[in-house]
Amino acid sequence: MSSGGRSPAKSTSRSVALQVLTAVEQEGAYSNLLLNGALQKSGLSGPDAGLATELVYGTIQRLNTIDFLLEPFVTKGMGKLAPWVRNLLRMSFYQLYYLDRIPPHAVVNEAVNLAKKRGHQGISGMVNGVLRNVLRRKEELKLPEGLSPVQRIALEHSHPEWLVARLLEQYGEQTAEAICRANNEPPSISIRVNRAKTNREDMLRLLKEQGLSAAPSKLSQDGIVVEGGGGNMALTPWYREGLISVQDESSMLVAEALAPEPGMSVLDCCAAPGGKTCHIAEIMQDSGLVLANDIHPHKAKLVEDQANRLGLTNIDISTGDASKLGERLEQNSFDRILLDAPCSGLGVIRRKPDLKWAKTAGDIAEIAGIQRTLLDTAGDLLKPGGLLVYSTCTIEPRENEEMVSSFLSRHPEFELATDKPSAWETEPLAAASARGSIGLQILPQDAHSDGFYIARLRKKHVQA
């Protein structure tokens, strides 16, 4: 290799984190997708990749608290700074204020070096001055007294005020604060065992043989929680060989609630990326038919890829608008139907912290109209005596309990299924089971899993 010319600057945890944070702010892209791409390109691994991940998620999680506390230190105001400078200060403040394992002088030096590389002397001087001033006055940095509950929770747990106000109204102050606190905790790593290829006991043994700390899920009979240091389970040979899938524990409850049986005909209306579809197919022992539909061809391809990886042959892929399925499928033709509806996603903020800053109250109203149409369509396609499961990854009653209640009032041929899956009666879900009369509403603090809603609706047999 030629020694002439300068080699490109080597990526560091902080340079990668800064690049991702700036792109999230400027392009509105999803942090998890951008971060995965940036980490692969940078070649960072182990602790360096871990630090970059911590800086991206931590800074986005605590965004409005960081901005509130930083603002007085920036003479011309945070809003006037170039986006990359603003994010460099945010990311550095996050390390100084929220992380105690990184020496403060290292944080300041790294920030100044990044500012020199990307900007000019004046910017690096300003960054140095702001951060040294923050360090000097760190003990004084407190949130003001006498805030209203909405303002206090919004600043203490870094959530937008409109969302906090909504949660307070729906769940009361104590539960609303618990939701916001849980949204800032690191998510669990959980995997689903492919029962078509192995079983949970064997998989637990394999994990432990590799020195990983793992425990059976308390929520799902197919789930395993991998504790601390498991890394990305999708990069393991077990994943490649189709022994496991990466899935949240709450999400695993959906296929189990559908209770599909071998030989049945099942429709998954909005199937991508295919986690629940494949779980259904596994429970059916790769027999019968699972028709997996998605509106986007590239996303339907993801379902196909998952099915192939897991060695499942009973999944057929269909592409099209789920609200128009009634035009191309026969009415009363499926034993089971899953409508895992598009939703506001407010249950998965722990995994996608940028969601809370991107969503608006208007988004919820808009999506509720789509959910209503999809439910009506799905209901027509179910056989009498069959089971329709409606699920979302949100904690918003308008999209969940109220949506199902409205469906039942429009469709007297449906009723709530009276039998409950055994998982719903387990201790971690006791609070969720007691929460509402219609369906199961899991909040992120219930079992340290995603916020999720699941309702089981049975179509009555027609009276002769």
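At what angle do the axes of helix α5 (residues 83-98) and helix α6 (residues 104-118) cross? They cross at roughly 170° and come within 10 Å, with axes being lines fitted to C-alpha atoms over the stretch in contact and angles running from 0 to 180 degrees between N-to-C directions. That makes α5 roughly antiparallel to α6, a label for angles over 145 degrees.

A quick note on the source: this is a predicted model, where local features need pLDDT of at least 70 and side-chain atom pairs count only at pLDDT 80 or more, while totals for chains, interfaces and linings use all residues. Residues are numbered from 1 along each chain as its sequence is written, and side-chain values use heavy atoms, leaving out hydrogens and water.

On the α5 side, W84, L88, M91, S92, Q95 and L96 make the contact, meaning heavy atoms within 4.5 Å. From α6 come P104, V107, A111, L114, A115 and R118.

Now the cysteines. The whole structure has 0 disulfides, a disulfide being a pair of cysteine sulfur atoms within 2.5 Å.

| Cysteine | Closest cysteine sulfur | Sulfur distance |
|---|---|---|
| C269 | C270 | 5.8 Å |
| C393 | C343 | 3.6 Å |

C269 is buried at 2% relative accessibility, whereas C393 is partly exposed at 22%. Buried means under 20% relative accessible area, exposed over 50%, and partly exposed in between, using a 1.4 Å probe and protein chains only.

Lastly, helix α15: its buried residues include A300, V303 and A307. Just after α15, G311 takes a positive phi of about 75°. Helices here are DSSP runs (H or I, at least four residues), numbered from the N terminus.

Notes. Helix = DSSP H or I, 4+ residues; strand = E, 2+ residues; numbered from the N terminus. Parallel < 35°, antiparallel > 145°, perpendicular 65-115°, else oblique.
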